[in-house]
Amino acid sequence: MKVLNRQENVHQFRDEILSLSGEDASRCVQCGKCTASCPIAPEMDMKPTQVLRHIQINSRNPVLQCSTIWLCASCETCSFRCPEEIEIATVMDTLRKLAIEEDLATGQKQIVAFDEIFLDSIKRYGRVYELGLVMRYNMASRQPLKDAHLGPLMLGKGKLSLFAHRVREKATLKEIFRKSRRFLRK
Ligand code: SF4
Ligand code: SF4
């Protein structure tokens with residue numbers, strides 16, 4: 001962990017998150033409601049409450065290297081329960097962006113690849129093109145035939161479509177991505 005000298009701003013990380021996301025981690029009172037309500041918390045190596053605490057104490061790398069920020073499903077249950085109305089999912093988005101920029105997501109390559117392919121699908125079509133997503137993810141994770149036997153079955157039952165379907169509101173989609181630019185990596 002990085003050691004601060006006296007001249008460094010002990011609130012540097014908190015200030016950076018505040019400036020990028022608009023969310024002030026110093027308001028967190030460590031009540032634990034976010035962790036208690038998070039459906040994915042049991043799988044996380046750092047609980048949402050701990051993520052907020054690390055930001056408060058300027059502990060940067062442990063947060064940017066944890067799997068939690070990649071497991072967060074942005075369901076916003078935590079934000080709904082937070083007595084301080086902190087948008088924790090937005091904080092997680094910002095942390096993901098920083099982790100990529102600083103090349104600290106090294107232990108999460110498959111999750112990062114999935115995240116990028118998923119987002120790219122939304123950007124192109126306005127929805128997930130499942131078949132394209134699975135094929136691209138399998139190639140990225142170097143297991144091209146993973147679950148291939150399920151493809152014909154799902155196609156036959158109409159659970160998968162051979163072709164992508166775009167949403168009609170292309171301009172709205174473009175505008176959403178323009179407004180979300182500060183949270184996105186590209
Ligand atoms: S937004 Fe993320 S951290 Fe919050 S409850 Fe949902 S999965 Fe958990
Ligand atoms: S619910 Fe809000 S105040 Fe409570 S620990 Fe989580 S972020 Fe902090």
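Start by selecting the shell around ligand 2: by class, the shell has 10 nonpolar, 3 polar and 3 charged residues. Here Ala, Val, Leu, Ile, Met, Phe, Trp, Tyr, Cys and Pro count as nonpolar, Asp, Glu, Lys and Arg as charged, and the others, Gly among them, as polar. This is a predicted model, in which local features need pLDDT of at least 70, side-chain atom pairs count only at pLDDT 80 or more, and totals for chains, interfaces and linings use all residues. Residues are numbered from 1 along each chain as its sequence is written, while chains are lettered from A and ligands numbered from 1 in the order in which they are written.

Stay at ligand 2. Of the 16 residues around ligand 2, the nearest are Cys 28, Cys 31, Lys 33, Cys 34 and Cys 82; a residue is near a molecule if its C-beta atom, placed from the backbone, lies within 6 Å of it. Next, colour helix 2 (33–37) and helix 3, which each supply at least two residues of this shell around ligand 2. Helix 3 gives the most to the shell around ligand 2, with 3 residues. Helices are DSSP runs (H or I, at least four residues), as are strands (E, at least two), numbered from the N terminus.

Now select ligand 1. Which residues come nearest to ligand 1? Of the 14 around it, they are Cys 38, Cys 72, Cys 75, Cys 78 and Ala 89. The shell around ligand 1 divides into 10 nonpolar, 3 polar and 1 charged. Helix 6 (77–81) and helix 7 (88–101) each supply at least two residues of that shell, and helix 7 gives the most, with 3 residues.

Finally, show the whole protein. Its secondary structure comes to 11 helices and 0 strands. The C-alpha trace spans about 60 × 35 × 30 Å along its principal axes. Of the 186 residues, 22% count as buried.

Conventions. A residue is buried if 20 or more other C-beta atoms lie within 10 Å of its own, exposed if 12 or fewer, and partly exposed in between; C-beta atoms are placed from the backbone.
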